[in-house]
Structures are given as structure tokens and as C-alpha cells.
Amino acid sequence: MAKGGKDRAAGTRLVTGGRRSEWTGAAVNPPVWRTSTHLYESSADLAAGRPNADGHFYYGRRGTPTQWALADALTELEPGAEGTVLYPSGVAAIAGALLTVLKPGDVLLVTDNAYEPTRNLANGFLKRFGIETRFFDPLDLDAYAALFCERTSAVMLESPGSLTMEVSDVPALARIARERGAASVIDNTWASALGFPALAHGCDISVMSLTKHVGGHSDLMMGSASAGAEWHARLRLCAQQLGNVVSPDDASLALRGLRTMGVRLAHSTAAALKIATWLEARAEVARVLCPMLPGAPGHDLWARDFTGGCGLFSVVLAKGGIEARARFVDALELFGIGYSWGGYESLVVPFEAKRTITRVPDADLASGDGAAIRFSVGLEDPDDLIADLEQAFAAMEN
Ligand SMILES: *Cc1c(COP(=O)(O)O)cnc(C)c1O
């Protein structure tokens with residue numbers, strides 16, 4: 001399959017990306033090349049070495065066609081990307097990207113709604129290595145711009161926030177960072193490149209947890225960072241020095257998931273909208289936090305910048321607190337209780353909105369006590385999911 005099909009629609013690139021005949025032979029998919037050692041023809045061949053780029057057999061840690069095909073497919077999916085580095089988890093990808101753009105003495109700006117382990121990385125490991133983090137309200141551009149100083153070398157963005165769903169003006173945040181000489185890294189797990197082409201919107205490095213939408217079947221953990229040529233080269237070097245590598249078995253599973261990601265996301269997005277609309281009309285719900293829903297917080301920016309959504313959104317309950325929430329959650333039959341999301345099966349996870357939601361405009365938290373639930377809508381029939389929610393609300397009232 002020829003490279004360079006970036007002018008084709010994203011749905012087509014999901015199918016064609018990374019399928020080079022030199023990697024797949026006559027098979028549709030690249031075989032799982034499980035190997036640590038790559039053999040050389042002769043001592044002269046060994047001495048000649050190999051270019052440090054995907055596509056060259058060198059040693060297992062630099063990958064095989066199985067990992068290269070996945071990285072290549074992800075690069076083709078992301079407009080503006082020249083390469084992709086794979087990591088053993090989404091958190092490892094965030095760490096790999098931040099360690100690439102930062103050095104001791106630097107200041108990092110992190111969006112206040114960042115994924116919790118991102119905060120922990122900034123407040124823990126990065127702090128120990130002499131990097132100062134300042135958190136910013138992603139909805140306040142002026143306050144954000146005022147936080148930059150001489151030492152600010154990077155910003156970490158995430159939109160929507162993966163619990164509280166605030167949508168920020170990423171093109172503006174990235175532009176301000178670029179004007180001040182700082183690199184912008186975005187955690188683009190919620191939308192993926194299908195829903196938010198992050199590099200085209202001005203970000204320098206787009207990170208995804210492939211554990212979620214790309215894997216899609218709750219059976220693997222992996223992360224990626226895609227970037228233009230310059231940042232990609234630096235990401236690659238940093239990942240190599242840290243010894244990051246993903247197994248060819250997992251890469252093969254992720255590639256298999258990627259091929260169907262478009263249809264899965266289209267289904268989950270439509271189902272999530274139907275369910276969020278139903279929830280909005282329920283007396284038990286104070287607030288639906290779903291930027292895809294007209295009238296919901298963040299919808300205007302979402303409609304301006306995003307080309308797609310997914311099945312992940314949250315609600316704040318109106319009354320009853322954590323006891324009522326526990327009765328509701330425990331009564332659900334089709335929604336499992338657990339972390340992660342983006343699998344074929346629906347999930348819920350409870351969280352405390354009062355602690356985490358600081359910026360949702362008009363959120364009427366006074367009427368409830370902030371007991372919130374995040375929903376990940378999977379591939380079940382949405383009417384069955386709604387029936388399940390309805391019986392769980394009945395159980396909550398008893
Ligand atoms: C899950 C998640 C991650 C981390 O991914 P893992 O593969 O679980 O390490 C990062 N960002 C967001 C928004 C996530 O939901």
C-alpha cells in the first residue's frame with residue numbers, strides 16, 4: 001500500500017494506514033514478529049549499522065514490522081504528523097512526551113482538568129527533577145497567558161477534561177504557547193485524531209492512550225505520541241534512552257482495533273447522545289456534562305473545533321449524595337463499574353464533582369452535593385442501556 005494517502009478521508013486512512021506490502025507480504029495484516037534479536041549478514045553488515053528509523057531491523061527494542069505498521073497507521077491518521085512513538089501505556093506516553101520537552105529548571109503549565117496521573121507525574125517525578133508546574137484554568141485564556149515566564153518551556157493540554165468534560169480553546173492555548181516559545185503537548189485520548197486533529201489545531205505533540213478507543217476491546221494497554229519531524233525525532237530518542245518498547249502481540253491487537261475504530265466511535269457517539277439526552281430530562285440528574293449535547297457546557301467550542309465525539313460523558317446527580325449514587329451504580333446490570341473506557345462494553349465510574357468540577361459554567365452544584373458519575377457508552381443497543389438506567393434509578397429511590 002502506497003504511503004501518503006493523507007488526502008483521503010480519515011475513515012479510509014484507518015483502513016489503509018501502515019499496510020505496506022514489504023511488511024505484510026500477501027497477508028492483509030502484518031504478522032506478529034516476536035523477536036529480540038535481529039541477525040546480520042556478516043561482521044561488515046553489523047559494523048555498517050542501521051539507520052535509526054522505523055523500517056530497519058536492528059534489535060528488538062527498535063521494533064519490527066508489527067510495531068512499525070501500527071506507528072505508521074497512527075501517523076497517517078494525524079494530519080501534520082511525520083512520525084509516531086509507541087509506549088507501554090498512555091501514562092508512559094504522557095511521561096515520554098513531557099520528558100522530551102522539559103529539562104531541569106523549566107516551568108510546565110498544566111491544565112487544571114488534567115487526567116489525575118498527569119497531575120501526579122507533575123507534582124511528583126517532575127518536581128523531584130527540578131521542574132516547576134503551574135496549573136491553569138483551561139477556560140481563562142488571560143490568566144493562562146499571564147502565567148508564562150522566561151522558564152516556561154511546555155504546556156500540557158487536555159480537552160475535553162476526561163472526567164469533568166470542559167472543552168477549552170485549544171487552538172488559542174497552543175497559539176499563545178507557540179508565541180512564547182513553549183511546546184504544547186495535548187492528551188487527545190477523548191477525541192483521537194478522528195475527532196480532533198490536534199497538530200492541525202496548533203499543538204506540537206499529540207498523545208493518546210491507545211488503551212481506550214484504539215484498542216477498543218479492553219484487552220491491552222498502550223500509548224502513542226505523534227508529532228512533526230523535529231519533535232518526533234526527539235520523542236524517539238528520549239523513548240529509546242528510557243527503554244520504551246511495546247510487545248508485537250499488543251501492537252498487533254492495537255492495529256486490529258484501529259481498523260474498526262471509526263465505526264465503533266460513530267456508534268458510541270450516537271448512542272451517548274441519545275442516552276445523554278434521555279438523562280438530561282430526568283429529575284434525578286442535576287447536570288449532564290456532555291459537550292456533544294447542544295446547550296451543554298463546552299458545546300459551542302466542541303462544535304467549532306471537533307469533527308467527532310465518543311461515548312464518554314458525565315452527569316452530576318441532583319440529590320441523595322453518595323449513598324443514592326451507590327444504590328444506582330450497584331443496580332446497573334449492563335454498565336460495569338471500573339476505570340478505563342473506550343471498550344466495546346459500557347462502564348461507569350463514580351467521582352466527586354465538588355472536588356473536581358471548578359469551571360463548569362452554570363453547574364448547579366448547590367442543588368446536589370456533587371455526586372457525579374462518568375459513563376462510557378459501549379456497543380450495546382442504546383435502548384437496552386436506557387432501560388438499564390431506568391431500572392437503576394428506580395432502585396436508587398427505594
Ligand atoms: C486512561 C487515560 C490515560 C492513561 O492511559 P493508560 O493507557 O491507562 O496509561 C491518559 N489520559 C486519559 C485522558 C485517559 O483517560
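**A close look**

His232 is buried, because its relative accessible area is 14% and buried means under 20%, with exposed being over 50% and partly exposed in between (1.4 Å probe, protein chains only). This is a predicted model, in which local features need pLDDT of at least 70 and side-chain atom pairs count only at pLDDT 80 or more, while totals for chains, interfaces and linings use all residues. Residues are numbered from 1 along each chain as its sequence is written, and side-chain values use heavy atoms, with hydrogens and water left out.

His232 belongs to helix H10, which spans residues 229-242; helices (H or I, at least four residues) and strands (E, at least two) are DSSP runs numbered from the N terminus. Leaving aside residues up to four places away in sequence, His232 touches Gly83, Thr84, Val85 and Ala227, contact being heavy atoms within 4.5 Å.

The chain as a whole is divided into domain 1 (10-257) and domain 2 (262-397), bounds that come from an automatic or database domain assignment. Their C-alpha centres lie 28 Å apart. Domain 1 brings 35 residues to the contact and domain 2 brings 31.

Between them, domain 1 and domain 2 bury about 2,800 Å², with 62% of it on carbon and sulfur atoms; buried area is the accessible area (1.4 Å probe) that two parts lose on being put together, summed over both. On the side of domain 1, Leu163, Trp190 and His213 lose the most area to domain 2, together 24% of what that side buries.

Polar links also cross this interface. Twelve residue pairs, both at pLDDT 80 or more, are in polar contact between domain 1 and domain 2; such a contact is a pair of N or O atoms within 3.5 Å, where within protein one must be able to donate a hydrogen and the other to accept it, and residues adjacent in sequence count only if both atoms are side-chain atoms. Helix H9 (residues 192-195) contributes three residues, the most to the side of domain 1 that touches domain 2. That side divides into 14 nonpolar, 16 polar and five charged residues; Ala, Val, Leu, Ile, Met, Phe, Trp, Tyr, Cys and Pro count as nonpolar, Asp, Glu, Lys and Arg as charged, and the others, Gly among them, as polar.

One salt bridge is found across the interface of domain 1 and domain 2, the rule requiring a side-chain nitrogen of Lys or Arg within 4 Å of a carboxyl oxygen of Asp or Glu. Asp169 forms a salt bridge with Arg304, their closest N and O atoms being 2.6 Å apart.
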